[in-house]
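Here's a quick briefing to read with the model open in your viewer. Have a look around first, then work through the points below.

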Amino acid sequence: MGKPTGFLEFERELPKKRSVDERLKDYREIETAPTDSNSKQQAARCMDCGIPFCHNGCPLGNIIPEFNDAVYDENWGLAYEILASTNNFPEFTGRICPAPCEASCVLGINKPPVAIEYIEKSIIEKAFELGLVKPRIPKTRTGKRVAVVGSGPAGMAAAYQLNQAGHSVVLLERADKIGGLVRYGIPDFKLDKGIIDRRMAVMEAEGVEFRTGVNVGVDIKADELQNEFDAVLLTMGSTVPRDVKIAGRQFKGVHFAMEFLSQQNKRVAGIDRVMDHRGVAYPNGEILATDKHVVVIGGGDTGSDCVGTSGRHGAKSVTQIELMPIPPKDRDASTPWPNWPMMLRTSTSHEEGCDRHWSINTKEFIGDENGNLTALKIVDLDWQKDPETGRMQMKEVEGSERTIPCDLAFLAAGFLHPQQEGLLNDLELEFDERGNIKTNGYQSTSNEKIFAAGDCRRGQSLVVWAISEGREAARSVDEYLMGESFLEAKAVSMLNPVFAHA
Ligand SMILES: Cc1cc2nc3c(=O)[nH]c(=O)nc-3n(C[C@H](O)[C@H](O)[C@H](O)COP(=O)(O)OP(=O)(O)OC[C@H]3O[C@@H](n4cnc5c(N)ncnc54)[C@H](O)[C@@H]3O)c2cc1C
Ligand code: SF4
């Protein structure tokens, strides 16, 4: 334990943010870089609990009290080794993880929890600064070839691990760049894309082969894939968005959130033609929120990213509406510590200006004679518990129907499942009841050579879960190929881990 009285002496502090006025003028990251003295002070707040609940709260099993201790001692090398033993990409999670570890931190019972995510970001940024993140090139190669399809955090983590085990890994991606939703979903103001490129350079030096612009199932057929590789891991994400199928859906100005967000990230990257979710190309810059009344339908992360992006475009107004009732301001009794709390969350994009409403249903998109969207018809909802089933049921509030001005509507109502037509159907894979790839562990139930991980297996989720799934699936693939695996999905051998087969 770094400082026994640290939690009594120091307040929780989060990374400093640039002012709203300043950050609305650009797409650079909102948070400023951590400082050594702040990180040390925040690490000093850790109580090194006998049973560290934070460790259980993290899907990766990050060994949090140990790295907190090392940061307090300013032993950045040790802190980095401990963190890197469980998390391949702390530079992603240190920026955009909702931090379930902090929700289960023991200090959080009666004080603000330890700022674990901030400390994680400090460690990895310091490690890059000090040149500690060096390529770890496997000493031996197994001669086995593995294809990983889809380069989001699940695919990247799996490729990293399988390469460390000595397999020859090819990461196939249909987009023009590696990174999945971290590249073309999450905006630059939350995560600068140079962060992905920096990590790719390390992985490339370690021996991972990246192939972009390859639509697997079209450019490489299912049969070829199986013949060319000893195992195939699918990490294709949950890419089919939930539609809002109501009257007026055809009006110009109604878009899926991802069309808007990926277009903007590509614009920041200097790319002038973009592809929508159907693979149709159009000139970048077509969807602009400038001087428009924007309504975002859906209250989650994706919706919030549309809010922040619309603000940067200079929208006339930004409104976000959500079907469900407003969550409680504080931790609800139904989700006591150490569970993930059901409560109202205000993102950095909301702070920048947004009119938020809950318990609202969209009834109709209204347009003019030229086919342009001009307004939304909405209605208030009353949510009540059904006394018989105990389930929440919604009822429209009589007389509350009204129209609000809307030139651009973004549908951010979540994602249904991976794209089934094409590769998945050609591989004759089974799907679960939600339409995701059905697996035993991570191995597909219908073809032992095919594995799956991340959002295409568990449904839409979080970056930290994608990394965790990628690591676990890599271990399954390694076992399938070699009969045993030395890969640790969660940390056991903390330092100098042995991954490769002799
Ligand atoms: C707008 C938005 C914001 C989000 N914000 C956060 C956040 O702040 N924090 C957080 O933790 N999570 C966030 N998430 C969720 C998080 O991004 C995902 O859970 C995570 O990226 C899933 O990782 P994945 O590797 O499973 O899939 P993805 O990241 O979806 O990657 C799948 C990849 O597979 C590729 N692919 C698909 N089919 C093929 C094919 N046939 N051939 C080749 N390649 C193919 C796709 O092009 C894509 O690059 C957000 C999601 C969205 C949409
Ligand atoms: S639960 Fe909180 S205080 Fe306890 S070890 Fe983990 S980070 Fe430190």
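Is strand β2 largely enclosed by the rest of the structure or left open, and why? Keep in mind that this is a predicted model. Strand β2 covers residues 168-172, and four of its five residues are buried, so the rest of the structure largely encloses it.

**Strand β2 and its partners**

- On one side of the pairing list there's strand β1 (residues 145-149), which runs parallel to β2 and is joined to it by five bridges.
- If you want a specific pair to click on, Ala 147 has Val 170 of β2 as its bridge partner.

**Polar contacts of ligand 1**

- Glu 173 puts a polar side-chain atom 2.6 Å from an oxygen atom of ligand 1.
- Asp 455 works through its backbone instead: one of its polar backbone atoms sits 2.8 Å from an oxygen atom of the ligand.
- For Val 216, it's a backbone N or O atom that lies 3.0 Å from a nitrogen atom of ligand 1.
- As for cover, ligand 1 taken alone exposes 1,000 Å², and the protein buries 95% of that.

**The shell around ligand 1**

- Two or more residues of the shell come from each of these elements: α10 (153-164), α14 (257-268), α15 (301-313) and α19 (463-482).
- Helix α15 gives the largest share, with three residues.
- There are 34 residues around the ligand, and the ones that come nearest are Ile 96, Ala 154, Glu 173, Asp 455 and Val 463.
- By type, the shell splits into 17 nonpolar residues, 11 polar ones and six charged ones.

**A loop residue: Asn 284**

- You'll find Asn 284 in the loop between β7 (281-283) and β8 (293-297).
- Is Asn 284 buried or exposed? Its relative accessibility is 15%, and the cut-off for buried is under 20%, so Asn 284 counts as buried.
- From Asn 284 to Pro 138 it's 146 residues in sequence and 41 Å in space, C-alpha to C-alpha.

Conventions: Residues numbered from 1 in each chain as written. Chains lettered and ligands numbered in written order. Predicted model: local features only at pLDDT ≥ 70, side-chain atom pairs only at ≥ 80, totals over all residues. Heavy atoms only, no water. Near = heavy atom within 4 Å. Polar contact = N/O pair within 3.5 Å; in protein donor to acceptor, adjacent residues only side chain to side chain. Areas by Shrake-Rupley, 256 points an atom, 1.4 Å probe, with all protein chains shown as cover. Nonpolar A, V, L, I, M, F, W, Y, C, P; charged D, E, K, R; others polar. Buried < 20%, exposed > 50% of the residue type's maximum accessible area, 1.4 Å probe, protein only. Pairing = 2+ DSSP bridges.
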